[in-house]
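Dear colleague,

I am handing over a structure that will be new to you, and I would be glad if you could look through it before reading my notes below.

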Amino acid sequence: MRRSLLTALLAVSFAFFASGCSTMHMGWTAVTGQHKLDNRAMDAYDAMFTKVVEYGDPARAMMKEWKVDEGISGDDVKESIEALTEEYNMRLTGYVKMYTKEDAKPDEVKEARIWSLCNLTTAKIFLNYSRYYGGFMPCRIMYVQYGNGDAYLISMDMTLAIYGGYPLPPKMLEAAEKVKVAMEGIPERAAKGDF
């Protein structure tokens, strides 16, 4: 009798688990604390993990990338980024032409540049919330050109930094989303040579 009861309980538990029963899911999220996270957190983590599995490259999974249009040089991109930074209420806090290798092979990096941008008001809000956000500052845009002429702009995907934890306070969320718009809009437009 006892064995039959145990078997029945295991069968019912398995049925609930296998069916994706929302009661079981709610219980699991309560145990793990997931219910406290921003409602976009799990989708953001899932999207990142899917990219890690697809490419095997965690850095790629945390970045956004824009292919630079043919005929747009590194100097053109520099001019665009500098012009667009002010339009998006950001400040250019640094620029470095990391290196140039004139005889680069087609799949080797020929030129690399990096820009550092920041919205100082937003930075202060985030640092007061958590000093660990300082590791994301300043926001960066990387220009990489290969020996075959292909060039890309790369910047951090801010989705997890904004939505990956507990919901941010409303004013902080609004400021963060403006920076996210800037850090996607600037490289997207600079890749086309826009001003």
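Is Met98 buried, partly exposed or exposed, and why? With a relative accessible area of 43%, Met98 counts as partly exposed, because that class lies between the buried limit of under 20% and the exposed limit of over 50%. Please keep in mind that this is a predicted model. Met98 belongs to strand β2, which covers residues 91-100, and together with Val96 and Tyr99 it makes a nonpolar surface patch of about 280 Å².

As for the overall picture, the protein chain has eight helices and five strands, and along the sequence they follow the pattern α-α-α-α-β-α-β-β-α-β-β-α-α. The chain has 195 residues, of which 32% count as buried, and it exposes about 12,600 Å², with carbon and sulfur atoms supplying 58% of that area. Among contacts between residues at least 6 apart in sequence, 67% join residues at least 24 apart.

The other residue I would point out is Asp157, which is found in the loop between β5 (151-156) and α7 (159-163). Asp157 is buried and yet has no salt bridge, since the nearest side chain of opposite charge, that of Lys64, is 4.4 Å away, whereas a salt bridge has to fall within 4 Å. The side chain of Asp157 does make a polar contact with the side chain of Thr159, at 2.6 Å. Leaving aside residues up to four places away in sequence, Asp157 touches Met62, Met63, Lys64 and Lys180.

Technical notes. Residues are numbered from 1 along each chain as its sequence is written. This is a predicted model: local features need pLDDT of at least 70, side-chain atom pairs count only at pLDDT 80 or more; totals for chains, interfaces and linings use all residues. Side-chain values use heavy atoms; hydrogens and water are left out. Helices (H or I, at least four residues) and strands (E, at least two) are DSSP runs, numbered from the N terminus. Buried means under 20% relative accessible area, exposed over 50%, partly exposed in between (1.4 Å probe, protein chains only). Lys and Arg count as positive and Asp and Glu as negative; His and the chain ends are not counted. A polar contact is a pair of N or O atoms within 3.5 Å; within protein, one must be able to donate a hydrogen and the other to accept it, and residues adjacent in sequence count only if both atoms are side-chain atoms. Contact means heavy atoms within 4.5 Å. Patches are made of residues with over 30% relative accessible area and no salt bridge: like charges are joined within 9 Å, nonpolar side chains (Val, Leu, Ile, Met, Phe, Trp, Tyr) within 5 Å. Accessible areas come from the Shrake-Rupley method with a 1.4 Å probe; for residues, only the protein chains shown count as cover.
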